[in-house]
Amino acid sequence: MPDVYATINDADPVLVSRIAEVLELRAADPQQQAMRRAYLDDIDFPDGAEVIEVGCGTGAVARELARRPGVATVTGIDPSPTFLAAARDLDPPANCTFVEGDARALGFPAGSVDVVVFHTTLCHVPGPELALDEAARVLRPGGWLAVFDGDYVTTTVATGPADPLQACAQGFVNSSVHDPWLVRRLPGMLGRAGFELVSMRSFGYVETGGARYMPTIVERGADALVAAGGLGPEAAAALKAETRRRVATGEFFGHIAYASLVARLGV
Ligand SMILES: C[S@@+](CC[C@H](N)C(=O)[O-])C[C@H]1O[C@@H](n2cnc3c(N)ncnc32)[C@H](O)[C@@H]1O
């Protein structure tokens with residue numbers, strides 16, 4: 001199953017609209033907000049900083065970056081015109097603009113920006129080394145790079161051995177993450193692209209009763225299994241109903257480990 005994000009412009013428009021909603025839902029989650037604050041605080045934004053968010057989706061992280069002290073401009077870049085239209089409709093600050101583009105060819109002059117952020121984007125890019133080389137090209141010497149991503153091999157909704165909901169979580173990872181192992185190789189990849197690591201952090205994201213984000217992972221994973229012919233629609237409906245039951249009774253459990261790396265371009 002190809003990663004839907006890596007092939008976003010070929011995806012079913014209904015799914016793309018659903019993902020747009022989920023991106024905003026996830027961004028508003030207090031745990032997700034705290035993780036973003038923690039790693040963005042590791043960046044010493046220079047006064048008048050020009051910032052790029054690569055793979056901005058509906059622009060939640062770009063909007064937050066635009067409101068940080070010292071930040072002059074933020075450009076959100078994404079290959080999806082649908083996400084970009086949603087981003088422009090969400091009332092971004094005046095210093096925040098959105099343009100169509102690809103991580104591997106950003107379209108910015110060499111040495112022209114201060115900070116490049118990949119927030120849950122790099123794991124979706126085939127050829128992440130090319131994207132890191134491109135970030136190094138557009139950054140000024142000493143410029144800042146931040147990569148935040150899921151360590152998606154840890155994605156779990158199982159509450160015991162052979163929990164059938166876990167097949168949906170795996171279906172989500174298989175259909176929505178190009179490289180679920182990526183963060184484990186990032187320290188070496190950053191060094192090879194000319195970056196010096198400033199910080200690497202690990203975050204545990206957990207949802208239980210009242211969960212809102214991780215149930216969407218089960219749903220989307222179930223739909224992906226049906227689309228791939230590995231699960232019938234009735235079984236998928238039953239697994240979604242079981243997820244809703246666990247959420248309603250407080251029995252739901254979902255966990256993903258995330259990691260952030262903040263680095264500077266060597267001078
Ligand atoms: C999980 S979303 C993250 C969106 C946003 N950063 C956030 O956290 O809300 C991944 C984004 O990467 C974008 N993407 C996929 N392939 C890309 C590529 N080659 N270059 C840049 N962005 C890409 C997708 O369109 C999608 O918006």
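Cys-168 is buried, at 0% relative accessibility (buried means under 20% relative accessible area, exposed over 50%, partly exposed in between, with a 1.4 Å probe and protein chains only). The model is predicted: local features need pLDDT of at least 70, side-chain atom pairs count only at pLDDT 80 or more, and totals for chains, interfaces and linings use all residues. Residues are numbered from 1 along each chain as its sequence is written, and side-chain values use heavy atoms, without hydrogens and water.

The sulfur of Cys-168 lies 20 Å from the closest cysteine sulfur, in Cys-123, which is too far for a bond. Cys-96 is also in no disulfide. The nearest cysteine sulfur to Cys-96 belongs to Cys-56, 8.0 Å away. Cys-96 counts as buried, at 6% relative accessibility. Across the whole structure, 0 disulfides are found (a disulfide is a pair of cysteine sulfur atoms within 2.5 Å).

The largest nonpolar core holds 78 residues. A nonpolar core is a set of buried Ala, Val, Leu, Ile, Met, Phe, Trp, Tyr and Cys residues joined through side-chain atoms within 4.5 Å. Val-116, Phe-118, Leu-132, Leu-145, Leu-186, Phe-195 and Tyr-258 touch the most other members. A second, separate core has 9 residues, including Val-4, Val-16, Ala-20 and Phe-83.

The largest pocket has a volume of about 610 Å³. A pocket is an open set of points on a 1 Å grid over the protein atoms alone, where a 1.4 Å probe fits, with protein on both sides within 12 Å along at least five of seven lines; lining residues have an atom within 4 Å of a point. The volume is the space filled by probe spheres set on the points, which are joined across faces, edges and corners. The lining of the largest pocket comprises 42 residues, with Tyr-5, Gly-55, Asp-78, Thr-120 and Thr-121 nearest the centre. Elements giving two or more residues are α1 (13-28), α2 (30-40), β1 (49-54), α3 (60-66), β2 (71-78) and α6 (165-176). Helices (H or I, at least four residues) and strands (E, at least two) are DSSP runs, numbered from the N terminus. The largest share, 6 residues, comes from α1.

The second largest pocket has a volume of about 390 Å³. Of its 19 lining residues, Val-4, Leu-15, Ser-175, Arg-220 and Ala-224 are closest to the centre. α1, α6 and α8 (214-227) each supply at least two residues of this lining. α8 gives the most, with 5 residues.
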